[in-house]
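I opened the notebook for a new entry.

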Amino acid sequence: MNRRIRLAVMTPLIVSSLALGSVSLLSSSAHAATPSLTCSVKKSGTTGKFDVNVSGAQPGVRVTIKGGNSTASSLADDSGKASTAGFIPVGAVTAQQKNTKVTCGTVKQAEQKDAQAQFSTGFRKGFADSKADCKKEGPPQGIAPLDANFVKGYNAGAQAAIDKFC
């Protein structure tokens, strides 16, 4: 008797949860079809210039990118991506397509992110070089001068490897 009551109570709950699950799947797939504009700002190799990448745009529709008094535009490709290289923004950078406008970030945030990436890359290189031979020789020199954050990271990574392995 007790088993029949449990089945009578549990069966409607299971059936309704399955039905709700399929409805939520349908609504999430319909929502995913709607473009969702996102963008990012990255420091370019050239001093003072930045690359802006936009995704989730409506294909074939122009995207306007602004940063201070600087404005650029790009046509979204078939995958909904647009970009501009060598952009010289000031302050906050935004991307807009039709009535949708998003903030991509600021010049300062892009510079900080680049500094962190340079330090991290230098750290890994210095750690690997010093781990191999227990010598702290300094970062490899190339044609172009090395980024100061890369050099700091290289030296920190080299010292960390020497402290740990030598």
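This is a predicted model: local features need pLDDT of at least 70, side-chain atom pairs count only at pLDDT 80 or more; totals for chains, interfaces and linings use all residues.

**Overall layout**

I counted elements next. The protein has 3 helices and 7 strands. From the N terminus I read the order as α-β-β-β-β-β-β-β-α-α. The chain has 166 residues, and 25% of them count as buried. I looked up the accessible surface as well: about 11100 Å², with 57% belonging to carbon and sulfur atoms. I then checked sequence range. Among contacts with a separation of 6 or more, 51% join residues 24 or more positions apart.

**Strand E2**

I turned to E2, residues 50-55. Which strands does E2 pair with? E1, residues 38-43, pairs with E2 in the antiparallel sense over 6 bridges. E5, residues 82-87, also runs antiparallel to E2, joined by 4 bridges.

I noted one partner on each side. Lys42 has Asp51 of E2 as its bridge partner. Val52 stands opposite Thr84 in E5.

Then I sorted the faces of E2. Phe50, Val52 and Val54 make up the covered face. Asp51, Asn53 and Ser55 make up the uncovered one.

**The largest pocket**

I looked for open space next. Rolling a probe the size of a water molecule over the atoms shows where empty space is left. The largest pocket holds about 190 Å³ of space. E1, E7 (100-106) and H2 are the elements that each give two or more residues to its lining. Which element gives the most? H2 does, with 5 residues.

I listed part of the lining: it includes Ser40, Lys42, Cys104, Gln109 and Asp114. By type, the lining residues divide into 4 nonpolar, 4 polar and 4 charged.

**Ser130**

I stayed with H2, residues 107-133, and picked Ser130 in it. Is Ser130 buried or exposed? Its relative accessibility is 1%, so Ser130 counts as buried; the cut-off is under 20%.

I then asked what Ser130 touches. Leaving out residues up to four places away in sequence, I found Lys135, Lys136, Ala158, Ala161, Ile162 and Cys166. I also checked Asp163. Ser130 and Asp163 are 33 residues apart in sequence and 10.0 Å apart in space, C-alpha to C-alpha.

Conventions. Residues are numbered from 1 along each chain as its sequence is written. Side-chain values use heavy atoms; hydrogens and water are left out. Buried means under 20% relative accessible area, exposed over 50%, partly exposed in between (1.4 Å probe, protein chains only). Contact means heavy atoms within 4.5 Å. Accessible areas come from the Shrake-Rupley method with a 1.4 Å probe; for residues, only the protein chains shown count as cover. Two strands pair if DSSP finds at least two bridges between them. On a 1 Å grid over the protein atoms alone, a cavity is a set of points where a 1.4 Å probe fits but cannot get out, and a pocket is an open set with protein on both sides within 12 Å along at least five of seven lines; lining residues have an atom within 4 Å of a point. Grid points are joined across faces, edges and corners, and a volume is the space filled by probe spheres set on the points. Ala, Val, Leu, Ile, Met, Phe, Trp, Tyr, Cys and Pro count as nonpolar, Asp, Glu, Lys and Arg as charged, and the others, Gly among them, as polar.
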